[in-house]
Amino acid sequence: IISIFGANFLASGSATASALPLPTQLGALNTTVSVCGQNIPLYSVLPGQINAQLPFECPVTGSVPLTVTVGGEVTAAQTINLALASPGIFTKNASGTGDGVVLHADYSLVSSASPARAGEQVMIYGTGLGPTSPSVATGAAATATNRTMNPVTISIGGQNAPVTYSGLSVGFAGLYQMNAIVPSGLSGSQAVVVTAGTGNVSRTGVTISVTQ
């Protein structure tokens, strides 16, 4: 899942995909994004931001051009760099840092008022873990267990949190879910870090509330 920032992507308001598979065109100005030789699925379009899904069909590494078309007008091409994986954990405040989007087994949110307990399995949501087996069409909802091909490890508070599942979240397009066991000996707000493949590490500053 990528976000593109700029101006005049939409005249005003917002346009959001209302169903799956995701559309490749949104808004009154027929906004599209082209990457890897194709128009890519769009989650939403705002005047200054587009949220989209990078195609699984893109090369796994290297650089590719990206353009946005609005009302028939095409932007100058911008280069984006690709990697085997680029893990990111979604956060409650949508800034990329702070409390991560982490759920208990009953799908309630982990928080300082409802911390995760040692030995508990939690669900961590993010993006950028790379291809899965079996594969899923870009823009389509995952309908079964689609595990990541890149090995995924997670640390909480600097300790290994055994991963029981890493793959796409059923019913969503492009959303990854990681199930992990909270290690013992920790309490309070602790850093959570995801590594996918070799050396592809999520950004620092994402936290989870834990208790014994």
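The second largest pocket is lined by Ile-1, Leu-20, Leu-22, Tyr-43, Ser-44, Asn-51, Phe-90, Gly-171, Phe-172, Ala-173 and Leu-175. Its volume is about 210 Å³. A pocket is an open set of points on a 1 Å grid over the protein atoms alone, with protein on both sides within 12 Å along at least five of seven lines; lining residues have an atom within 4 Å of a point. A volume is the space filled by probe spheres set on the points, which are joined across faces, edges and corners.

The model is predicted: local features need pLDDT of at least 70, side-chain atom pairs count only at pLDDT 80 or more, and totals for chains, interfaces and linings use all residues. Residues are numbered from 1 along each chain as its sequence is written, and side-chain values use heavy atoms, without hydrogens and water.

**Largest pocket**
- The largest pocket has a volume of about 1,300 Å³.
- Of its 46 lining residues, the closest to the centre are Ile-1, Ile-2, Leu-54, Thr-127 and Gly-128.

**Cavity**
- The whole structure holds 1 cavity of 30 Å³ or more; in a cavity, a 1.4 Å probe fits but cannot get out.
- About 40 Å³ of space lies in the largest cavity.
- Its lining includes Lys-92, Asp-99 and Ile-208.

**Cores**
- The largest nonpolar core has 26 residues, and Ile-156 and Ile-208 are among those that touch the most other members.
- A nonpolar core is a set of buried Ala, Val, Leu, Ile, Met, Phe, Trp, Tyr and Cys residues joined through side-chain atoms within 4.5 Å; buried means under 20% relative accessible area with a 1.4 Å probe, protein chains only.
- A second, separate core of 18 residues includes Leu-10, Val-33, Val-45 and Leu-82.

Notes. Buried means under 20% relative accessible area, exposed over 50%, partly exposed in between (1.4 Å probe, protein chains only).
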